[in-house]
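Here are my notes for you to read alongside the model. Have the sequence open as you go through the points.

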Amino acid sequence: MFVINQLYLGILVHDAVRSLYEQQTSRFKIPVYSFKSMNKVRLALMMLILLGSIFASKNLMAIADASRRLENPKLNQIRNQTASNTPVLLGLYAPDYIGNQSTIDNQLRQVDQWVGKRHSIAGFFFDIEDSNPAYNIPVSLEKLKQNGYTGFINLKSTRSAAQIAKGDVDSSLQKVAKAYSDWAKRGEGRIAFIAPLQEMNIPGEAYSKDPQNFKLAYQRIQKIFKETGVSSQAIRWVFAPNGWSENNEHRFENYYPGDKSVDVVAFSSYNWGYCSNSSWKHWNSPKEVFEPYMKRMKVMAGSKPIFIAQTASTSNTQNGLQNSAKDQWLRDSYAQLAGLGVRGILYFNINKECDWAINSNSGKSAGYKDAVNNPAFGYLSPAELAKKI
């Protein structure tokens, strides 16, 4: 529109000049030049105006563009918050009691030193009806903090989801919540992740396969923690199903308690390969193990950080034990997950159902060392993590 207006104005000016010229030549008998020349002038004038207008319009568009980019710096900050300024966090599960310094030295710090990169998170399992939460909660979390790790607690139970939702373990939950609250109130960036009733969507746990009661139980646990005085700044609530489920009724989306109740979404997924305890023998590629669930998590809770709550691979292939196959699976998996936008990965470094541990069979896994040395992975202290996640 700007260009058309300028062009129209130019034509009017030209016509006015031409009219005045005709009047003067007629009045004073001045020789009249051919109007063909006048038309050429008119055409040249129009072309100059057109080119000037296009140039001006492009400049105006560029200025408007820059203006739009500057008008919402907060939006730009959110868009630019990528792995380059918040590294993908590494985590480990240790086979022994995490409240012992010897466990931390031998099963966490030794791995850090071997791979040449620090892990930020240490995962462990804790029963709601633990016999001594007043000791075990603060001792475990404090030992981890003193050594630079943030705890990731899988809060498990031998009760059904309906029993927990109904309040049958409230007294035990209150003890756990008070122990956590007393520890967190010591300040200085004390924080932990808590994943209530992990892997609730698959068989194997007393609370499994009950979507409605799981959501009620999850929210009841949160309510008790809040009533006990745990600040929302000192805890990150995690929704941590298994990626796989038996059927559509138990897809993890059916268990999701909602964005208001969750800080981090996560899932467990393993490569069981040809492990003797695997019910379905198949070497699962990283794409099979992670990608479908990552996509679904992003649809379900697009605004939430995504963690891999548990993962590992066996070295049992169709052709027997092959450490090289496990090594390559680890390299490929960690590279893929970093590319998919995951924010944390906790490796299940425990030989339980299969040879999951990175030092299984014939020594430590070169593949794990290579995998975590990808530049996308980095370390955050508990205080730094509290600000970033």
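1. First, a term: a salt bridge here is a side-chain nitrogen of Lys or Arg within 4 Å of a carboxyl oxygen of Asp or Glu.

2. The model is predicted, so local features need pLDDT of at least 70 and side-chain atom pairs count only at pLDDT 80 or more, while totals for chains, interfaces and linings use all residues. Residues are numbered from 1 along each chain as its sequence is written, and side-chain values use heavy atoms, leaving out hydrogens and water.

3. Now look at Arg 159, which pairs with Glu 129 in a salt bridge, the closest N and O atoms being 3.1 Å apart. Arg 159 sits in the loop between E3 and H6, and Glu 129 in the loop between strand E2 (121–127) and helix H5 (133–146), so the pair ties together parts 30 residues apart in sequence. (Helices, H or I of at least four residues, and strands, E of at least two, are DSSP runs numbered from the N terminus.)

4. Another one to find: Arg 186 and Glu 142 form a salt bridge at 3.8 Å, N to O. Arg 186 is in the loop between H7 and E4 and Glu 142 is in helix H5, so this pair links parts 44 residues apart in sequence. Buried means under 20% relative accessible area, exposed over 50%, and partly exposed in between, using a 1.4 Å probe and protein chains only. Glu 142 is buried at 10%, whereas Arg 186 is partly exposed at 47%.

5. On to helix H8, residues 211–227. The expected span is 1.5 Å times one less than the number of residues. For its 17 residues that should be 24 Å, and the end C-alpha atoms are 25 Å apart, which agrees.

6. Which residues of H8 are buried? They are Pro 211, Phe 214, Ala 217, Tyr 218, Ile 221, Gln 222, Ile 224 and Phe 225. Seen down the axis of H8, they fall within an arc of 160 degrees, so they line one face; the arc uses the directions from the helix axis to the C-beta atoms. An α-helix has 3.6 residues a turn, so residues three or four places apart point the same way.

7. The face of H8 turned away from the buried side carries exposed Gln 212, Lys 223, Lys 226 and Glu 227. The buried residues of H8 pack (contact: heavy atoms within 4.5 Å) against several elements, including strand E3 (150–156) and helix H7 (170–184).
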